[in-house]
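The following paragraphs walk through one model, element by element. Please keep the viewer open while reading.

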Amino acid sequence: MLEVRDLRLQYGGIQAVKGISFDVAQGELVALIGANGAGKTSTLKALARMLPQATGKVCLNPANQPAVDLMQLPAHELIAQGVALVPEGRGVFSRQTVLENLQLGAFRVKDRQLVQQRLEDLLERLPRLKERASQLAGTLSGGEQQMLAIARALMSGPQLMLLDEPSMGLAPIMVDRIFELITSARDSGVSILLVEQNARLALKVSRRAYVLESGRITLTGNSTDLLQDDRVRAAYLGEVIP
Ligand SMILES: Nc1ncnc2c1ncn2[C@@H]1O[C@H](COP(=O)(O)OP(=O)(O)O)[C@@H](O)[C@H]1O
Ligand SMILES: [Mg+2]
């Protein structure tokens with residue numbers, strides 16, 4: 001679904017992403033883990049075309065549609081290509097209601113019946129949001145806002161969802177709910193690139209993962225293998241290796 005080759009990104013003199021390559025298959029959940037400052041957010045923003053100075057090849061190959069190089073497209077066309085970014089810190093419209101936020105997520109979808117169907121399905125699965133449908137998004141708890149941000153992204157019917165630190169600052173019970181939503185999106189066929197500082201969680205839910213260190217991918221493999229890897233355990237899982 002997604003093929004990234006030699007992605008590079010510079011801020012002034014700082015090289016934040018130093019030529020990385022990775023893939024996400026259709027319906028696959030892939031994690032990108034790494035310490036604070038490793039370049040995870042920069043990578044997602046580059047894929048979402050929010051950083052026009054980024055270079056490299058970012059090929060999207062949706063099922064039954066021609067391949068496109070995202071780097072040739074402006075940011076506002078990504079939604080039409082089926083790419084949805086859920087940024088760090090959520091970014092819901094706090095002065096709009098929960099329902100309005102969800103409807104805005106589908107603003108590009110012309111088929112109103114389809115939008116209504118998606119809305120009903122999501123609200124059925126997310127009773128916390130359903131109960132709060134007419135509340136302003138800014139009045140929700142952090143976890144509920146994260147849930148809303150992901151649900152809003154799903155309203156666009158994405159092929160590829162880019163998630164930046166969805167567990168950040170949330171209580172464990174909310175983290176479980178958020179990850180249920182993420183894995184059910186994957187099960188319905190959405191390809192997902194998950195960025196997490198919580199490496200244990202990311203490795204538990206993903207099939208494969210890439211470890212990013214100072215803008216370079218230093219390790220990659222099946223997530224179950226990486227959970228056992230001494231380097232990963234020492235550096236990212238806080239385990240003491242005898
Ligand atoms: N807007 C910016 N201007 C300059 N440097 C930045 C900017 N955003 C991030 N950086 C730097 O790029 C590097 C990677 O940051 P970031 O992608 O946010 O890492 P992560 O998400 O893994 O914590 C860091 O050294 C950070 O200080
Ligand atoms: Mg970040």
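Which helices do the buried residues of helix 3 pack against? They pack against helix 2 (98-105), helix 4 (127-131), helix 5 (142-155) and helix 6 (172-187). Helices here are DSSP runs of H or I with at least four residues, strands are runs of E with at least two, and both are numbered from the N terminus.

This is a predicted model, in which local features need pLDDT of at least 70 and side-chain atom pairs count only at pLDDT 80 or more, while totals for chains, interfaces and linings use all residues. Residues are numbered from 1 along each chain as its sequence is written, chains are lettered from A and ligands numbered from 1 in the order in which they are written, and side-chain values use heavy atoms, with hydrogens and water left out.

Helix 3 covers residues 112-125. The expected span of a helix is 1.5 Å times one less than its number of residues; for the 14 residues of helix 3 that gives 20 Å, in agreement with the 20 Å between its end C-alpha atoms. V115, L119, L122 and L123 of helix 3 are buried, where buried means under 20% relative accessible area, exposed over 50% and partly exposed in between, with a 1.4 Å probe and protein chains only. Viewed down the axis of helix 3, its buried residues fall within an arc of 95°, so they line one face of the helix; the arc is that of the directions from the helix axis to the C-beta atoms. An α-helix has 3.6 residues a turn, so residues three or four places apart point the same way. Q113 and E124 are exposed on the other side of helix 3. At the start of helix 3, a side-chain oxygen of D111 comes to within 3.1 Å of the backbone nitrogen of Q113.

R118 also belongs to helix 3, and its relative accessibility of 22% makes it partly exposed. Contact means heavy atoms within 4.5 Å. Apart from neighbours within four places in sequence, R118 is in contact with V109, L154, M155, S156 and G157. G157 follows helix 5 and has a positive phi, near 65°.

Helix 5 is mostly covered, with 13 of its 14 residues buried. E144 lies in helix 5 and counts as buried at 5% relative accessibility. The side chains of E144 and R132 are joined by a polar contact of 3.3 Å. A polar contact is a pair of N or O atoms within 3.5 Å; within protein, one must be able to donate a hydrogen and the other to accept it, and residues adjacent in sequence count only if both atoms are side-chain atoms. Leaving out residues up to four places away in sequence, E144 touches R128, L129, R132 and M174.

Where is S191? S191 is in strand 8 (residues 191-196), and at 0% relative accessibility it counts as buried. Its side chain reaches the backbone oxygen of A25 at 3.2 Å, and a polar atom of that side chain lies 3.0 Å from the backbone nitrogen of G27. Beyond residues up to four places away in sequence, S191 touches several others, including M1, V24, Q159 and M161.
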